[in-house]
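Subject: Structure for your review

Dear colleague,

Please find below the structure that I am handing over to you. My findings follow it.

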Amino acid sequence: MDPTLPPPDPTASLDGQTALDAQTGIGLSDAQLSQSRRRTLDLVNRLHSTGVQVDIDLPQIVVVGQQSSGKSSLIESFSGITLPRAAGTCTRCPTECRLRGRNAPWQCEVSLRFITDSKGQPLGQARNELFGSIIHDKAEVEDRVRRAQRAILNPSMPRKQFLEGDIDDISEKSELSFSKNVVSLSISGPEVADLSFCDLPGLIASVGSGRGASSDIGLVEGLVKSYITKPSCIILLTVACETDFENQGAYHLAKIHDPEGKRTIGVLTKPDRIPSGEEKGWIDFIRNEREPLENNWYCVKQPSSSDLKQELTWHDARRREEEYFAGTSPWSELDSVFHKYLRTRNLVDRLSSVLSDLIAKRLPEIQEELEKSIFETRISLGALPPPPSADPFNDIAALIYDFTADLHLHVMGMPDTDGLLQSIRPFQQQFRAAIRGTAPAFVPFSRQSAPRFILPEVEFLDNEDESPEHQISVGIEYSEECVAESIAGSRDESEEDWERQAEKGNKEEEEEEEEEEKEEDEFDAAAQQLELIYVDEVYTRAHEARTRELPGFYPFVVEQSFIVKIVEKWRAPALLYLQKVEKIMSKKMKLLVAKHFEKFGQGVLEQRVRTIIHSHLKDCFERTEDRIQWLLDLEDIPFTLNHHYLSDYKEKFLTYYKAAREKVVRNKIAAQIKAFQGNSSKSPPDTYVKESKYASDTEGEPTGIAKVLKGLAEMGISGTKPEDIYKILPPDAMAPAINIMADVRAYFQVAYKRVADNIPLAVDHELVRGIERDVLKSLYGRLGINGPDGHRIAKELAMESPQIADKRQDLMKKLERLQIANNELLEIGM
């Protein structure tokens, strides 16, 4: 409408007034809006009806202000209807107005939109309920809206009671003081603006006696925030000129959520109540010089309380507004450029334009957001366990079958770095190292003389596992502390080398590494530290054990005592190995059970299966423990049929011990033989080395080793080698002890390798592979699904947890409203 349009003549005929109405239109919006603009506005209204604003930010105008800031009068000026004012119920829930101009009789449809339940909890799907029949008489709107608001505030009571009964007979005290649920008014007609907005409850500054609870202040503020925090919300901020601006919290709240003022439109109400002399401060808002906003400040003049008592018509109200701004200073004295910010019709025009522009900008984005939300919601639904089926018995049977098949694959071995067998293998190596570390540390010297000598390398064990003799032979003085430290250190080093290989390619957390180091220490502790056993101590024990044996013979019990003591050290590492494997098995079983059963029902089936498998694993553990004890009991008495292996090692160790002693006990002779051998290798076989200090002092007269060999040759004993001289020397007094040491050490090589294989084999057979034996029988029997009540039990196990059921229902409702909203967009061709 042209701003210069003269005010209507109140004395004009009905036809003249109708012509004016047709020109201005209720709400004063441009009646010639394009069809496309109306269609997009209708589309957004339909999107709001789906409740999709819970998921998508939809364009919307919300009216915000303090209580008694003139919001209700402003809404009436937009819509052309009268809202209820008694008891303040009109401010206690959001009131949505959808205005649409069309060439059809005026009508108003009132509905209730529930987005929360009676306890205030969000509903998965917005519920829209028509509240009464369509209204064709404007005079009936006020009463219908009052009844609708009472119904919203009493959600547990039948809506029909408020619609048809006498609400004066219903207690004024409502169940709720405020509600997020919405009273929706859909108004259409030939004189109606194309505009949609939502009037929110007024912000409460304070609560007086009998006017509500102090918690209502936070409730209303939270409700307002839930709307204005959204980027697509246009904030229509009402400020009453009768109150000091700084004391109106609505502006400060809007400033927090729209600090740059890009989506806030300010409206000054009650300009006729500005205290004398303060007009300049309010005029600065219209000039956008004070608290500037991108869409400026507007000023409107609505009917006063006395005007309302006179039942002033909407047309009269608009006429008086025209007269007020045209003839009242300082508004009438404003520059003409600022007159477009005065009067309700200009405000509605601006709101229509801003809302339409925002809708046009947001629709393509809304389309993308809807499609993205639909995709994400479907993914979330797919991640949920499948809903309970009509045949839970067969479903459970299928789950059990899949579980046992998967269990079989794991116990037989899977090519995964974290597979079951791969997890056990490090402990097999640690166990073997611990058993190997119990080898008797025999020293072929007396305790008194041992510290002065070192053992030579054990060359015949170079291609086998490291042994105590091998460890203490690398140039270390043979004191007890040095040897013990060397053995323990080398064993740790060997285990660390193996672990580095086993863990290659895997990134272990620091906690896991600390746990592995702790486990290595446990095996070391289980194996116990080695004790050095000297030849003189072996000899003393053998001599003291003699009973009726002939001279030179010693009882077998001496060797057996050493062997029994060694075997006893094997129990701790063996049982520790069993515990480690059982721990790995328990962890793997929990993962497998969760993998196959966690998404079934409320988790009761998973819990029961886990309990059954745990009990089954415990039985397997006990059987394995008994089998290990049995295997170790077999080792109490030395026995082997591997005579060749035993005798071969005995010969090697006997030669090793004797050679070590010869270098010490017969050091002078050994030195002569070594020197002779070194020199003779440079001379012809039939000559003697003259340069040797053991050769003759006179040219041509052999001495030392050369003389002995020459003498033997003269006696007719030919082919004698220098090292054969040891055979004609008197026997070593410690020879019996050396023989016992060689026997025990050789037997250890036979027995420890046997045990190092048998214990892991027993654990694998009874525990690792044993877990799948009779597992089906245990599951079916203890679950009870094969009994007469099997189908009932299966049905109980298949019951879905309320949390998952609620989540599925919420997601399905969300998907439904998203799809409905998306279809609405597709219909308009966006």
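Two residues are said to be in contact when they have heavy atoms within 4.5 Å of each other. The model is predicted, so local features need pLDDT of at least 70 and side-chain atom pairs count only at pLDDT 80 or more, while totals for chains, interfaces and linings use all residues. Residues are numbered from 1 along each chain as its sequence is written, and side-chain values use heavy atoms, with hydrogens and water left out.

Helices (H or I, at least four residues) and strands (E, at least two) are DSSP runs, numbered from the N terminus. Buried means under 20% relative accessible area, exposed over 50%, and partly exposed in between (1.4 Å probe, protein chains only).

Helix α4 covers residues 141–153. Because 10 of its 13 residues are buried, α4 is largely enclosed by the rest of the structure. Among the buried residues are V141, R144 and L153. Their cover includes β2 (95–101), β3 (107–116), α5 (159–164) and β5 (182–189).

Strand β3 is itself mostly covered, with eight of its 10 residues buried. β3 and β5 pair in the antiparallel sense over seven bridges; strands pair if DSSP finds at least two bridges between them. In this pairing, V110 stands opposite L185 in β5.

In helix α8 (residues 279–286), the buried residues include W282 and F285. After α8 comes N288, whose phi is positive, near 60°.

Yours sincerely

Terms used. The expected span of a helix is 1.5 Å times one less than its number of residues.
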